Amino acid sequence: MNMKGFFQKMGPLLGLLLIVIVLTILSPNFLTATNILNVFRQVSINALLAFGMTYVILTGGIDLSVGSILALCSALAAGFMTDSMDPVLAVSAGLVLGALMGAANGFVIAKGKVAPFIATLATMTIFRGLTLVYTEGRPITGFSDSVAFKMIGRGYFLGVPVPVYIMLAIFLILYLVLKKTTFGRGVYAVGGNEEASRLSGLNVDRIKIGVYTISGLLSAFAGIILASRLNSAQPTAGISYELDAIAAVVIGGTSLSGGRGRIAGTLIGALIIGVLNNGLNLLNVSSFYQQVVKGGVILLAVLLDRKKSA
């Protein structure tokens, strides 16, 4: 690998290390075990959304509905539990519904030939509206005393938050799917050249529906973790989360035009966003300026991507 290729592949990781070094120098409270574990737990929500978004973007699509799916599925699971449904069944139902919402996105895009941006913008609004209707605009609280459910968002194992284990397990599964399966190769092929993939015999529609189903499922899972952590399901949960998920994917080196990228880069991108948010909070930087910094990082990542594609 030449030097240019090395920096293209390792750029996100080097950027993360640089940010960690700078924040360690500026804040003595940053590089502590408690704070680092807190960063990983906070990152787990965005990472799950971003993993699904990576699959979608690799096919040349986009999913703006992830935050709304997160909110609706967490509210439905919470509502089921308040109606005395077993927490395991309630969580399973929430996950299945998330997958079905994602599949609906994929069906509209693949079979209806609607542009992904328009289709998921519409469903983002629909799912958010359904969340507000279902919850009547109020949080659902105190819905489960199940130890297993509490562990999902608030538990620890060997001193590490359970959401971190969930994030890493899902990362490993999705990494292997992309690298080792026919479906994973098809995802890259569709993003690289959809028409050529179709002519070569790939079921492009099935792949598209598949990636949006994965995105919906992971959005629901993120919502369950968030509800468990807060012990409440908020109707406004997940607002603007799609932006952080897309940012993590782009910062991680996945091309918005599809066909090129790595889910490992997405994990690093999510960590960059999480570390930046945490570090700027420790430095008492205004949330307004935090948005400026985050936007600048995203813009830089996109410009670097354009340069690589040139």
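1. Contacts of Ile263. In this predicted model, Ile263 touches Phe51, Thr54, Tyr55, Phe171, Leu174, Tyr175 and Leu178, when neighbours within four places in sequence are left aside. The residue belongs to helix H12, which spans residues 263-282. Its relative accessible area is 2%, under the 20% limit, so Ile263 is buried. The C-alpha atom of Ile263 lies 7.9 Å from that of Gly252, a residue 11 positions away along the chain.

2. Tyr55 and the nonpolar core. Tyr55, one of the contacts of Ile263, also touches Leu174, Val177, Leu178, Phe183, Val187, Val211 and Ile214, residues up to four places away in sequence not being counted. The largest nonpolar core has 82 residues, and within it Phe51, Tyr55 and Leu174 touch the most other members. Helix H2 supplies the largest share of this core, with 13 residues. Phe51, Tyr55 and Leu174 are also among the residues in contact with Ile263.

3. Ser215 in helix H10. Ser215 is located in helix H10. With a relative accessible area of 1%, against a limit of 20%, this serine is buried. Apart from neighbours within four places in sequence, its contacts are Gly52, Met53, Val56, Asp63 and Val66.

4. Packing of H4 and H10. Helix H4 covers residues 87-110 and helix H10 covers residues 204-230; the two pack at an angle of about 145°, and their axes are 7 Å apart. Their crossing is right-handed. On the H4 side the contact includes Val91, Gly94, Leu95, Gly98, Ala99 and Gly102, and on the H10 side the residues include Ile209, Tyr212, Thr213, Gly216, Leu217 and Ala220. By class, the residues of this contact comprise 13 nonpolar, seven polar and two charged.

5. The two sides of helix H6. Which residues of helix H6 (residues 147-154) are buried? They are Phe149, Ile152 and Gly153. Viewed down the axis of H6, these buried residues fall within an arc of 75°, so they line one face of the helix. An α-helix has 3.6 residues a turn, so residues three or four places apart point the same way. The exposed residues Val147 and Ala148 are carried on the face of H6 turned away from the buried side.

6. Partners of helix H6. The buried residues of H6 pack against helix H2 (33-58), helix H3 (66-82), H4, helix H7 (162-180) and H10. Among these partners, H4 and H10 also pack against one another, as described in point 4, and H2 gives the largest share of the core discussed in point 2.

Terms used. Residues numbered from 1 in each chain as written. Predicted model: local features only at pLDDT ≥ 70, side-chain atom pairs only at ≥ 80, totals over all residues. Heavy atoms only, no water. Axes fitted to C-alpha atoms, helices over the stretch in contact; angles between N-to-C directions. Helix = DSSP H or I, 4+ residues; strand = E, 2+ residues; numbered from the N terminus. Left-handed = near helix turned anticlockwise from the far one by under 90°. Contact = heavy atoms within 4.5 Å. Nonpolar A, V, L, I, M, F, W, Y, C, P; charged D, E, K, R; others polar. Buried < 20%, exposed > 50% of the residue type's maximum accessible area, 1.4 Å probe, protein only. Arc of directions from axis to C-beta. Core = buried A, V, L, I, M, F, W, Y, C linked by side-chain atoms within 4.5 Å.
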